[in-house]
Amino acid sequence: MPVAYEPHRRLWLLTGPSTSYAVRLAADDGVRHVHWGVPITLDQAAELADRDERTPHPAASSFEHGVGPEELPAEGGPRFGPAALQVRFADGARAVEWRHTGAHVEENSLRIDLADRHYPLAVALHYRLAGDVVERWTAVTNHGTTGITVLRCDSAAWTVPARSRHRLSHLVGAWSSEFRLQRADLPTAETVLTSRRGVTSHHANPWLAIDDGTAGEEHGEVFSAALAWSGSWRITVHRDPSGRAGFTGGFGHEGLTWTLAPGETLETPAFAGLHTMSGFGAASRSWHLYVRDEILPEAQETRPVLYNSWEATGFDVDEAGQLALAARAAGLGAELFVMDDGWFGARTSERAGLGDWTPNPHRFPRGLAPLAAEVRRLGMRFGLWLEPEMVNPDSDLYRAHPDWVLHMPHRRRTEMRHQLVLNLGRPDVAAWTHRWLDALVGDLGLDFLKWDANRPFTEAGWPGHPDPDRVHLAHTRAVYQIMDRLRADHPGLRIESCAGGGGRADLGILRRTDQVWPSDNTDAADRIAIQHGFGQLFPARVMGAWVTDSPNVTTGRVVPLRFRFHVAMAGVLGLGGDLTAWTAEELKEAAGLVAAYKLVRPVVQQGAAYRLSGGGTLTGVHYALGDDHVILAWCPSRPYGHTPGPLRLAAVDPVGVYRDLDTAATHSGAALLTQGLPLDLPAGDHASALVRLKLVKE
């Protein structure tokens with residue numbers, strides 16, 4: 001059984017293929033952590049529980065007294081670390097004292113029910129096994145007749161074993177510089193990772209990993225977790241002077257409160273965690289499998305090569321220009337044509353028109369149907385960029401409904417990118433948004449939406465609402481609900497998540513989208529690091545990656561076409577830039593590289609990914625699917641006289657023989673593992689290679 005119970009110790013054990021997770025009820029009915037790590041038996045879990053019960057946490061003095069590692073530490077009693085649950089009752093009381101009211105086990109899931117000993121507050125701790133990933137979330141219910149103020153309600157608190165050293169891995173960044181992987185020793189303190197922006201954020205991502213400082217790509221014990229939420233969030237990582245460490249996280253951020261009305265239940269998003277003994281690479285591959293098997297709506301579907309018009313045209317969009325780009329894109333082998341910003345309302349710049357979602361009559365006097373028809377005649381699917389959550393003050397929508405945006409009484413409405421945020425938490429605004437989206441998708445038979453969100457929340461108020469901070473939850477859930485309804489009513493529709501690039505990338509949005517736009521920065525040299533960080537959690541089949549013009553519009557860097565393609569081939573290949581300005585030689589080379597990507601696409605999008613490092617600036621990624629292997633290698637720069645490579649592989653059989661499908665050369669698995677794969681790299685900077693191997697003999 002995936003979930004076992006030992007009644008004498010009130011102990012539960014969840015066991016996946018290569019991990020176990022155990023919790024128990026203490027004498028005070030609090031839920032204590034027992035084990036997260038390698039598989040153990042119920043008897044072994046009981047031994048650990050007995051040892052934990054006998055161990056002071058710690059003793060010494062009243063100043064150091066504690067209650068031991070808890071699954072959801074609430075405010076109150078001798079708890080001085082970060083609280084995962086903070087509430088305030090009508091009489092001002094804040095502390096929580098538990099009593100156990102029951103538990104429910106069903107296949108691979110567990111629910112532990114608790115209630116406060118005096119006040120009408122009930123809490124359910126949920127656990128669900130998904131392979132080796134443990135999903136955890138919390139539901140709080142008010143069974144009383146007056147409101148309860150919720151100051152913090154995290155999804156889960158996680159405990160990692162005490163070690164002499166802990167190292168924290170997390171992602172930082174900014175617009176056009178997202179997903180930069182950081183690794184540093186965890187201080188004896190509280191470290192807060194957060195977004196206060198109303199979206200997941202460019203600056204931090206709700207994923208982290210903890211090891212003891214010795215783990216590498218393919219070795220070492222790693223604990224990792226990711227929060228499935230697309231709004232503001234907070235994760236507090238803590239380490240105490242005795243070497244104990246853990247973290248707690250959930251939706252919202254400091255300063256927000258919610259009123260739990262009588263009879264109401266507030267349920268948090270899932271906070272998923274996994275453990276591995278095989279390093280950061282194994283942790284990533286486990287996350288990739290989890291995303292494929294448990295998260296994505298159409299996981300086995302091959303993602304098409306798309307063309308997007310933004311870098312070619314900016315806001316200068318019209319039917320003739322888009323038709324010319326579509327013809328070039330089809331000639332290169334694109335399978336999906338996406339028209340970006342500038343097709344609607346008075347949208348000739350970022351200053352006006354956002355919110356008026358009808359085709360610009362001067363630019364598209366016949367509407368969009370003729371363009372869509374020609375795109376499909378060329379053999380491509382048709383998609384549109386849109387930004388449903390935003391509005392320009394200079395728009396018909398805002399002039400008619402200025403009250404529909406996030407705002408606070410007697411406060412300025414801060415404009416960013418000349419736009420404001422619609423309050424989709426309002427049922428009337430959400431209904432209007434769904435209505436126009438449903439009509440647009442249905443009328444044009446749209447195959448694809450690039451759903452963008454180009455600014456964070458400011459003045460996130462809800463005038464007239466009795467619980468105005470609810471907007472932080474209600475808006476995000478409304479986005480989810482609208483996407484879910486669109487997909488249900490239009491089964492062929494596919495959606496890309498974008499928020500000024502990688503500002504909304506998380507497990508919550510991926511439940512209703514098919515891919516993510518990691519960054520507005522399409523510079524291939526910069527993209528290597530961005531894609532490296534993105535891949536810590538997300539698989540290649542959700543990573544949009546474009547080949548665009550050189551010099552790059554963001555950085556001005558000049559990069560060979562081959563290098564640009566080889567970097568973008570590591571994900572879902574896309575094309576951008578002004579194809580009408582590409583030379584005949586560039587178009588021919590690009591068509592050949594698109595064809596090459598289609599050959600390797602099944603392995604890249606569905607295979608297991610192994611990150612590679614060859615010393616210096618040489619890096620790469622190795623995708624393995626059955627007997628098929630694809631290696632992409634990149635060397636952005638090198639000293640004079642230095643020849644990069646070979647690149648040692650990690651996912652081959654040492655007794656196997658592998659044939660290069662392009663050169664017919666053969667390599668023993670032992671040589672690939674120990675000596676590495678020889679690379680035929682061009683001279684100079686921005687050198688790259690694509691190698692296809694097949695196992696031909698074992």
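**Ground rules.** I worked from a predicted model, in which local features need pLDDT of at least 70 and side-chain atom pairs count only at pLDDT 80 or more, while totals for chains, interfaces and linings use all residues. Residues are numbered from 1 along each chain as its sequence is written, and side-chain values use heavy atoms, with hydrogens and water left out.

**Entry 1, the sheet.** I looked up the strand order and found an open sheet of eight strands, S29-S28-S27-S24-S23-S22-S31-S30, with parallel pairing. The edge strands are S29 and S30 (544-547), each of which pairs on one side only. For the terms, helices (H or I, at least four residues) and strands (E, at least two) are DSSP runs numbered from the N terminus, and two strands pair if DSSP finds at least two bridges between them.

S28 pairs in the parallel sense with strand S27 (residues 448-451) over four bridges, and glutamate 496 is the bridge partner of lysine 450. Two bridges join S28 to strand S29 (residues 515-516), also in parallel, with serine 497 opposite valine 516. I noted that S27, helix H8 (residues 471-489) and S28 form a right-handed β-α-β unit; right-handed here means that, with the strands pointing away from the viewer, the path from the first strand over the helix to the second runs clockwise.

Strand S24 (residues 381-386) has five of its six residues buried, so it is largely enclosed by the rest of the structure. S24 pairs in the parallel sense with S27 over four bridges, and tryptophan 385 stands opposite lysine 450. Four bridges also link S24 in parallel to strand S23 (residues 336-339), where phenylalanine 337 has phenylalanine 382 as its bridge partner. S23, helix H5 (residues 369-377) and S24 make a right-handed β-α-β unit. Elsewhere in the sheet, strand S22 (residues 306-308) runs parallel to strand S31 (residues 572-575) and is joined to it by two bridges, with leucine 306 partnered by glycine 574.

I looked up the second largest pocket, which holds about 570 Å³ of space and is lined by 29 residues, with Trp175, Asp452, Asn454, Gly500 and Asp520 nearest its centre. Its lining divides into eleven nonpolar, eight polar and ten charged residues. The structure also holds nine cavities of 30 Å³ or more, and the largest cavity has a volume of about 70 Å³. Residues lining the largest cavity include Arg163, His166 and Phe223. On a 1 Å grid over the protein atoms alone, a cavity is a set of points where a 1.4 Å probe fits but cannot get out, a pocket is an open set with protein on both sides within 12 Å along at least five of seven lines, and lining residues have an atom within 4 Å of a point.

I found zero disulfides in a search of the whole structure, a disulfide being a pair of cysteine sulfur atoms within 2.5 Å. Cysteine 153 counts as buried at 1% relative accessibility, and cysteine 498 counts as buried at 1% relative accessibility.

Conventions:
Grid points are joined across faces, edges and corners, and a volume is the space filled by probe spheres set on the points. Ala, Val, Leu, Ile, Met, Phe, Trp, Tyr, Cys and Pro count as nonpolar, Asp, Glu, Lys and Arg as charged, and the others, Gly among them, as polar. Buried means under 20% relative accessible area, exposed over 50%, partly exposed in between (1.4 Å probe, protein chains only).
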